[in-house]
Structure formats: structure tokens, C-alpha cells
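Me: I am new to this structure and would like to go through it slowly, one question at a time. Please show it first.

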Amino acid sequence: MRVCVIGAGVVGVTTAYLLSRAGHEVALVDEQAQPALGSSFANGGQLSYSYVAPLAGPGALADMPGWLFRRDSPLRLRYRMDPSQWLWLAGFLRACRASVSRASTAELLSLSYLSRDTLHGMLADAPMDFGLSRTGKLIVYRNPAQLEKAAALVRYQAAHGTDQRVLSRDETLAAEPALAGMGTRIAGAVYTPSEETADCHRFTDTLFHRLRRAANVTVHMDTRVQRLRRERGRIVAAQTPAGDVQADAFVVASGIGSRTLLAPLGQRAPLYPLKGYSLSVPISADTKDVPSISVTDYERRIVYARLGNVLRIAAMVDIGARHADVDASRLATLRRQVSEAFPRLDLAGAQAWAGLRPATPTSKPLIGNSRAASNLWLNIGQGALGFTLACGSAALLTAQMNGDALPIDAAPFQP
Ligand SMILES: Cc1cc2nc3c(=O)[nH]c(=O)nc-3n(C[C@H](O)[C@H](O)[C@H](O)COP(=O)(O)OP(=O)(O)OC[C@H]3O[C@@H](n4cnc5c(N)ncnc54)[C@H](O)[C@@H]3O)c2cc1C
């Protein structure tokens with residue numbers, strides 16, 4: 001079958017790769033000149049297989065009033081005269097119910113474990129260098145009550161096969177001495193030895209170059225899909241300024257851009273951009289205070305990952321931001337918070353970046369056949385976890401398109 005995949009971010013490229021490995025003829029289309037220049041460019045680098053609990057949950061409801069009135073809050077909400085924002089927020093509030101959030105956590109865990117296994121299988125078949133490192137992950141808590149809540153979640157996740165340990169302050173500092181600057185402010189941490197980090201841009205770019213060399217793949221960069229043309233219930237072409245791309249099946253994996261492609265077809269995509277920021281700090285062997293383990297400063301929602309000669313720091317959720325430009329005041333807040341936690345880290349050469357997470361209210365991606373056309377497939381809405389979930393999402397979609405036995409239950413992700 002000839003398949004057209006729209007979007008060369010981490011989700012689209014991984015999907016194109018697995019479809020091409022399954023023997024399909026693939027056309028990959030993106031409006032940018034290079035892959036992974038959207039949300040997949042300089043993200044936090046976390047392959048957080050065990051940390052997939054949705055943003056919406058009873059904890060978010062409790063934290064939100066405090067967050068909304070603090071200038072240095074990890075979350076900023078700007079109300080817009082925009083029904084898509086109101087619908088998304090209403091869905092988010094509904095998803096905060098404990099029963100919904102628990103069910104979503106279990107469903108996302110099944111997808112993230114599939115992702116881990118798929119990625120490791122891909123690497124066993126054909127090794128790749130994209131800075132993958134099994135550093136483990138420390139979620140550091142300042143507030144003892146939050147640590148206690150986290151301990152309860154550790155007990156719940158243990159039932160789903162997750163190996164995690166709750167550490168005291170001293171155990172945390174012994175595990176990661178670079179946290180000394182936070183010293184007595186630390187209550188403790190949750191340590192997950194199996195978590196990995198890697199460079200999402202390098203991963204996507206490496207797979208993309210493999211695709212470029214494959215005999216059954218054509219790549220159309222700098223090519224914006226303006227419209228998907230539907231005739232008699234089937235998509236017949238992706239219309240671009242360079243002409244139509246024809247295929248037997250079409251996969252929309254266009255991140256936040258998916259909304260514009262799907263709306264004219266009547267396929268509602270409950271996606272909203274959650275803007276986030278990152279800093280890439282050059283480091284060397286002598287740089288002081290650089291964590292070796294991947295660290296999350298829970299209260300501030302800041303993640304730190306060592307990716308080769310760069311420390312990647314990512315944070316913040318801005319709801320209602322229209323563009324992926326770097327907001328100077330948010331960046332200044334992030335820099336100040338990083339310097340408080342790691343006083344000896346030199347941020348002078350840090351590169352700032354902002355991206356739009358393509359998020360659904362429940363944090364669950366939409367993976368499967370669209371109701372708008374029999375040959376239209378979606379792989380969208382991975383939100384804050386697109387790198388972590390990309391390989392599993394691609395494997396699940398490929399199995400559905402092939403009519404193979406499904407590796408996990410697809411129902412929770414059905415568009
Ligand atoms: C600050 C930040 C930190 C993050 N940290 C992590 C992390 O640590 N771990 C993790 O797992 N995830 C993380 N994420 C989330 C992750 O980066 C995203 O979920 C992921 O990049 C989404 O990938 P995507 O392929 O769906 O979208 P994108 O990477 O945005 O790709 C979509 C592509 O579609 C193309 N496109 C759109 N419309 C069209 C069109 N009409 N025609 C042609 N092409 C089109 C775009 O050009 C783009 O290349 C983070 C995100 C942010 C912003």
C-alpha cells in the first residue's frame with residue numbers, strides 16, 4: 001500500500017519508519033525544510049516511561065488556584081476569546097476526576113511500555129546514536145506532603161510493573177551530589193532506575209536520513225499540505241503548492257498543525273497548544289553541579305537531562321500562547337529558578353527555545369482510523385510525552401493499518 005504521512009516531527013518520522021519497515025511505500029511530507037523543527041526540536045529529552053500520569057488530575061485542580069496567581073508559576077493561563085480554548089479547558093476539568101485520571105494513567109502506561117519495547121527492538125535491529133542513556137530519574141520534592149502523595153502513586157504504579165524507590169533527603173543527595181545546592185530544601189525524591197534520556201531532534205533526524213535512503217520512501221520537504229481532498233468517503237490527495245500527493249492511505253501526524261488539516265473534514269481534533277520552554281547549556285567535564293541522573297524539580301516542574309555535552313533544561317506550561325516565540329519574562333523566570341537550584345551552573349552560553357506541545361485534555365493521544373474518511377489515520381496529541389510515546393504510537397498505528405494483532409488495547413486512543 002502507498003501511504004502518505006504528513007508531519008516530520010518525532011511522531012510522523014517514527015510512523016513513516018515503521019510503515020516502511022512493514023513493507024509499505026511511504027511518502028513523507030513536511031512544510032519545513034528539515035525534520036523535527038517543530039515541537040520535537042529541543043524538548044526535555046526525557047523518555048519517561050513510568051511518568052505518564054496526565055496533566056489533568058485531582059492534584060492539578062488543587063495546585064491550579066495557587067499557580068494562576070503566581071508570576072513564577074510553572075503554569076500560566078491566558079484566557080482567549082477562543083471556543084477551542086474553552087472546550088479544551090472544559091475537557092481538562094472533566095479529566096481531573098480521580099477515576100478518569102487513574103484510568104488514563106494505566107492506559108498511558110501500556111502505551112509507554114510498548115514504546116520502550118518498540119524503541120529497544122528498533123535499536124536491536126539497527127543501532128542508532130542519538131545520545132540514549134539509561135540514567136534513571138529522580139523526581140525531587142521540597143514539600144513532605146507532596147513526597148507522601150508521590151509515595152502513594154509509587155505503590156499504585158508498582159501494581160502496573162513499575163520499579164521505583166522513595167528516597168530520603170540524604171539518600172537523594174548521595175544518589176545525585178549535584179543537588180547539593182538545593183540542600184535542606186529537599187524533602188526527598190522518587191528514584192526510577194529504568195528511565196532513559198536522549199536527544200529527540202537527533203533521534204528524529206537520524207531516522208529521517210535512514211528513510212531518505214530507503215528505496216520505498218519518498219520525502220517531500222518544504223511542502224505544506226494545504227488541504228486533504230475527500231471524494232466518496234476517501235481521501236484521494238494531499239494538496240500542496242507543488243502538486244497533489246496521492247496515496248492509498250493518509251496519516252496525519254502534524255502536531256498542533258493537525259487541527260487545520262482535520263477541521264475542514266469535520267474531524268474534531270481536541271488539541272490545544274501548551275507552550276513550554278527549554279535551555280540548552282553547553283557543559284564540559286569541568287562544569288560543576290551538572291546532574292548525571294535525570295532530575296525533575298517537582299515543585300517547579302523543571303526537568304534536567306544531560307545529553308552529551310549539553311544540559312537540557314525544560315519547563316513551563318503556557319495555555320493560550322499563540323506562537324512558539326520565546327517570552328522574555330518566562331525565560332528570565334526559568335533562568336532564575338535554575339540558578340537557585342544549581343548556583344554554580346553557568347547559564348551564559350545557554351540557548352533558549354520554546355515549543356508547542358500538541359495536547360489533548362486527557363493527555364491521551366489519538367491513534368487510529370478517523371471517522372472522516374475510511375483511509376484517513378491519525379497519530380496526534382502526544383502532548384508533553386511525544387518523544388516517550390512516539391515509538392509505541394507508531395507501532396500501534398502500524399498494526400492497525402496492517403490489520404495485524406494489536407500489541408495493546410487500541411480503544412483508549414481511538415479518535
Ligand atoms: C518544552 C518542551 C519539553 C518537552 N519535553 C519532553 C520530554 O522530555 N519528553 C517527551 O516525551 N516529550 C517532551 N515534549 C513533548 C514532545 O516534544 C512533543 O510531544 C512532540 O515533539 C510532538 O511531536 P509531533 O511529531 O507530534 O509534533 P511536531 O514535532 O511539532 O511535528 C509536527 C510536524 O508537522 C509539520 N506540519 C504541520 N502542519 C503541516 C502541514 N499542513 N503540512 C506539512 N507539514 C505540516 C510541522 O512542520 C512539524 O514538522 C516536550 C515539549 C516541549 C514543548
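Me: In which strand does Asp 244 lie?

Reply: Before the answer, note that this is a predicted model, in which local features need pLDDT of at least 70, side-chain atom pairs count only at pLDDT 80 or more, and totals for chains, interfaces and linings use all residues. Residues are numbered from 1 along each chain as its sequence is written. Helices (H or I, at least four residues) and strands (E, at least two) are DSSP runs, numbered from the N terminus. With that numbering, the strand that holds Asp 244, covering residues 243-246, is β12.

Me: Is Asp 244 buried or exposed?

Reply: A residue counts as buried if 20 or more other C-beta atoms, placed from the backbone, lie within 10 Å of its own, as exposed if 12 or fewer do, and as partly exposed in between. Asp 244 has 12 other C-beta atoms within 10 Å, and therefore Asp 244 is exposed.

Me: Which residues is Asp 244 in contact with, leaving aside its neighbours within four places in sequence?

Reply: Two residues are in contact if their C-beta atoms, placed from the backbone, lie within 7 Å. Phe 92, for comparison, is 152 residues from Asp 244 in sequence and 37 Å from it in space, C-alpha to C-alpha. Leaving aside neighbours within four places in sequence, the contacts of Asp 244 are Ala 237, Ala 238 and Gln 239.

Me: How many C-beta atoms lie within 10 Å of Gln 239, and is Gln 239 exposed or partly exposed?

Reply: Gln 239 has its place in strand β11, and its contacts outside the four neighbouring places in sequence are Val 225, Gln 226, Arg 227, Arg 229 and Asp 244. Along the chain Gln 239 is eleven residues from Leu 228, while their C-alpha atoms are separated by 6.1 Å. Because the number of other C-beta atoms within 10 Å is 15, Gln 239 is partly exposed.

Me: Which residue in the turn between β10 and β11 has a positive phi?

Reply: Two strands pair if DSSP finds at least two bridges between them, and β10 (residues 227-231) is joined to β11 (residues 234-240) by five bridges, with the strands running antiparallel. Within this pairing, Leu 228 has Ala 238 of β11 as its bridge partner. The strands form a hairpin with two residues between them, and the turn residue with a positive phi, about 50°, is Arg 232.

Me: Is Arg 232 exposed or buried?

Reply: Arg 232 is found in the loop between β10 and β11, and its positive phi occurs in a residue other than glycine. Since 7 other C-beta atoms lie within 10 Å, Arg 232 is exposed.

Me: What is the phi of Asp 222?

Reply: Asp 222 lies in the loop between β9 (217-220) and β10. With 13 other C-beta atoms within 10 Å, Asp 222 is partly exposed. Its phi is positive, although the residue is other than glycine, and the value is near 55°.

Me: Which residue in β17 does Lys 275 stand opposite?

Reply: Strand β17 (residues 310-319) is mostly covered, with seven of its ten residues buried. β14 pairs with β17 in the antiparallel sense over eight bridges, whereas strand β4 (residues 75-77) pairs with β17 in the parallel sense over three bridges. In β17, Arg 76 stands opposite Asp 318, and the residue opposite Lys 275 is Asp 318.

Me: Which residue in the turn between β16 and β17 has a positive phi?

Reply: Strand β16 (residues 302-307) and β17 run antiparallel and are joined by six bridges, and Val 303 has Ala 314 of β17 as its bridge partner. The two strands form a hairpin with two residues between them, and the turn residue whose phi is positive, about 65°, is Gly 308.

Me: On which residue is the kink in α10 centred?

Reply: α10 has 17 residues, of which 14 are buried, leaving the helix mostly covered. The helix is followed by Gly 403, whose phi is positive, near 75°. The bend at a residue is the angle between axes fitted to the seven residues ending there and the seven starting there. The kink in α10 is about 25° and is centred on Gly 392.

How values were computed. The expected span of a helix is 1.5 Å times one less than its number of residues.
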